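Q: I'd like to learn how to read helix packing and nonpolar cores. Could we go through an example together?

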Amino acid sequence: MVLADQTDSIPAAAEERAHEHYAAKRTDTVIQTTRVKSVQIELADALDRYETWAAPTVIIADGPYGLGLFPGDPPTPADLAEWYAPHIAAWARYSLPETTLWFWGNEIGWATVHPVLSLHGWQYRALHIWDKGIGHIAGNVNSKTIRRFPVVTEVCAQYVREALLPTGDGQKLPIRDWLRAEWVRTGMPFSKTNEACGVKNAATRKYFTQDHLWYFPPPEMMERLAAYANAHGRATGWHYFSLDGQSPVTAEQWEHMRAKWHHTHGITNVWSEPPIRGQERLKDGDAKCLHANQKPLRLFERIINASSDPGDVVWEPFGGLCSAAVAALRTGRLCYSSEINPAYYPLARDRVLQEASTLFAPQEPMQMATFAESNNTVGGNSAKTTTRMKSIASRRNRERKTTLSVAQSDIWDSLDQEQ
Ligand SMILES: C[S@@+](CC[C@H](N)C(=O)[O-])C[C@H]1O[C@@H](n2cnc3c(N)ncnc32)[C@H](O)[C@@H]1O
């Protein structure tokens, strides 16, 4: 099983330029790591860390906007595509078929980066508008100088991956085509798919149709189709509906074959949410905002809940004040965050520690480890936690390559045992 990618069509020179461009901006930051409960945040360049993180179910990418908002944010959107290219390539490399990417930005920044996302096999699903409301500009608009309507929105684009599955005749096909090709290989008419599923005509109408009414077969139906095909199809050296040729796909494997989605009625792609105020907004002693781009936890919790389950892994490559890590703690997910700026990292670390102590104390002792990897000052619990998280990451990434996914609860259990 592989994931759809079109990177062959990216001109090599453009890729090289992107890497050079990015390499020139890299800092020599000493990596520091803080782990608390199921969350790990690092003072690091995300590009250096992806390969060490467990494969994600959710990626929340809230990076540069091309507005010069924080150190490292390019002053215009023109450079954003090149800036993001190596990150996007890495997200594609380490993702699962169940992964959803939530890409934040402003309209022009997202539009500029979209072709790169697309080239790396990220399939566009929807654009969400964060409407901050009129309060966002109250008292801030000079009608004498402004030459457009005031902007009170940001956007969050949702992307998913498409799994390419192997057929018995050596092809790799998207799920919909794979279903048809595998059934054709059995030599049986499509009408038999209804018998396989125990329905009158729903299987042909839904799972094998070639029009827009196509449905992803639910896991139990997929198992029935595979069992029927293997029992009644003509003899073959490669099992029907199999990921490895040896055995038919199981309901559990099938469940992880597309991006997760938990629907909530009443929520649309317009998110009316005021900018953060009150206690949630982190401020310094002079009441100045600590980070210009802090995002509302409510929105991060919404996208995490919609696209993952408790125990799943969230990536937050561009941490800022690590709002995704906080949202992950609140929703029972694992999270890997990185923040490159040494001024922001301690603020994020304190915030995450504070959140964990509110959520888990005093009943449960808190697991916390802070160390600098560069000089190996890893000791006691920290060393144990590091080894454990690293082995979880490499196991999950290994499984990503060989099978399809992992039992997410295993990871959660492993972490619990460690505490
Ligand atoms: C838009 S802000 C994120 C705000 C965050 N969502 C929050 O709610 O606090 C983007 C952050 O990404 C950080 N950043 C930029 N490039 C990075 C990189 N290569 N690795 C890690 N962090 C990076 C910036 O320093 C900045 O703090």
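Q: At what angle do the axes of H3 and helix H4 cross?

A: First, a note on the model: it is predicted, so local features need pLDDT of at least 70, side-chain atom pairs count only at pLDDT 80 or more, and totals for chains, interfaces and linings use all residues. Residues are numbered from 1 along each chain as its sequence is written. Helices are DSSP runs of H or I with at least four residues, numbered from the N terminus. Axes are lines fitted to C-alpha atoms over the stretch in contact, with angles from 0 to 180 degrees between N-to-C directions. Here the axes of H3 and H4 (residues 107–119) cross at roughly 45° and come within 9 Å. That makes H3 oblique to H4 (under 35 degrees is roughly parallel, over 145 roughly antiparallel, 65 to 115 roughly perpendicular, the rest oblique).

Q: Which residues of H3 and H4 meet?

A: Contact means C-beta atoms, placed from the backbone, within 7 Å. From H3, Leu80, Ala81, Tyr84, Ala85 and Ile88 meet H4 residues including Val113 and Leu117.

Q: Which residues touch the most other members of the largest nonpolar core?

A: Such a core joins buried Ala, Val, Leu, Ile, Met, Phe, Trp, Tyr and Cys residues through C-beta atoms within 7 Å; buried means 20 or more other C-beta atoms within 10 Å of a residue's own. Among the 66 residues here, they are Phe103, Val314, Ala325 and Ala328. Helix H3 (residues 80–94) contributes the most, 10 residues. Another core, of 20 residues, lies apart and includes Trp254.

Notes
Buried ≥ 20, exposed ≤ 12 C-beta atoms within 10 Å, placed from the backbone. Helix = DSSP H or I, 4+ residues; strand = E, 2+ residues; numbered from the N terminus. Contact = placed C-beta atoms within 7 Å.
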